[in-house]
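Please work through the exercises below with the sequence and the model at hand.

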Amino acid sequence: MRVAVFSTKSYDRTFLSQANARYGHELVFFEARLDRQTAPLAAGFECVCVFVNDRLDQPALTTLAQGGTRLVALRCAGFNNVDLAAAERLGLAVVRVPAYSPHAVAEHTVGLILSLNRKIHRAYHRVRDGNFSLEGLMGFDLAGKTVGVVGTGKIGTVVARILHGFGCRLLGLDPMPNPECLRLGMEYLELEPLLARSDIVTLHCPLTPQTHHLINARSLQQLKPGAMLVNTSRGAVIDTPAVIQALKSGRLGSLALDVYEEEADVFFQDLSDQVIQDDVLARLLTFPNVLITGHQAFFTREALQAIAETTLGNIAQFEQTGRSPNQVTAQQVVKPPAG
Ligand code: NAI
């Protein structure tokens, strides 16, 4: 198929081109993000291949449909950036990569927890500056602590498995409790008791209307004072200004983010010689107890190979049969997919 690949970086080109040796699609790489302004670039392409911060709203999808596009191939798991109802109305199929490496995201999550708890990110700079003082670097033992996992699908389950190995107690929130998590001794609760009892809360649910701003001023009131919050799911699961208030009051002890609600204008770019225009992000970056990475949890060799392979396979299958088992529909937004 003729595929317009948007939001491409050097690593996307490398892994997609390697995998394409087996598929023979015609891949044309664009650095631009796909949105309503750039959608005309896809005219004449049967397929567009997009990533997490491409914005496929109704106007963008309408332009794509008018230009002859029939397939939107997401090279990610989340599909919150596509108006699926509009895609369906316009006759555009949407496919995604439901699982590529839950280990990549889970291991990064645990890396964030360890770094933030033991302040490794601060110690790194301190020691390089010849400062070997331990003042302000004290952490806590993970063994025996209680971790609340919100969303126990593929990634949440691997996080639970790793933290079980550290000797943590596990609480969970998920409309569909996971048998492996139950075997690990996870206790499933509603949000409020989970927040009240967890020393660490880690988010692994998809972004849906139900999970939008799940962590907000009201739910943060339920949090165990001084708890750690980790978000590697999607930025808008938390209300960032409310989280900043909770950090200022001390209710929230520390925060690790790999995703941010307004990340589309910032992440995946080198802005090191520019003034950050986003005051909320700039404020977050001033806290000593906040650790942010720029949506890199997925970023392992194994994950990129799997993403490229599944994405090109999805496209080939759609080309041959008109469908793919990895297709997503508007119903899945109301009732999210199971793990
Ligand atoms: P999954 O579909 O296997 O698991 C999601 C789980 O969340 C399911 O068990 C589902 O029942 C549960 N869930 C749905 N609504 C919920 C709610 N209201 N409250 C609590 N749980 C709810 O998905 P997977 O592969 O584990 O990925 C989870 C999320 O991680 C993705 O949706 C995506 O947003 C994010 N992600 C982030 C990456 C990164 O690089 N930071 C990379 C890959 C995924």
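The model is predicted: local features need pLDDT of at least 70, side-chain atom pairs count only at pLDDT 80 or more, and totals for chains, interfaces and linings use all residues. Residues are numbered from 1 along each chain as its sequence is written, and side-chain values use heavy atoms, leaving out hydrogens and water.

**Exercise 1.** Describe the interface of domain 1 and domain 2.

Step 1. An automatic or database domain assignment sets the bounds: domain 1 covers 2–100 + 301–334, and domain 2 covers 102–292.

Step 2. Contact, meaning heavy atoms within 4.5 Å, involves 15 residues from domain 1 and twelve residues from domain 2.

Step 3. The buried area (the accessible area, 1.4 Å probe, that two parts lose on being put together, summed over both) is about 1,100 Å², and carbon and sulfur atoms give 53% of this.

Step 4. One salt bridge is found across the interface, under the rule that a side-chain nitrogen of Lys or Arg lies within 4 Å of a carboxyl oxygen of Asp or Glu.

**Exercise 2.** Identify the residues with the most contacts inside the largest nonpolar core.

Step 1. A nonpolar core is a set of buried (under 20% relative accessible area, 1.4 Å probe, protein chains only) Ala, Val, Leu, Ile, Met, Phe, Trp, Tyr and Cys residues joined through side-chain atoms within 4.5 Å.

Step 2. The largest such core has 47 residues, and Val48 and Leu64 have the most contacts inside it.

How values were computed: Buried means under 20% relative accessible area, exposed over 50%, partly exposed in between (1.4 Å probe, protein chains only).
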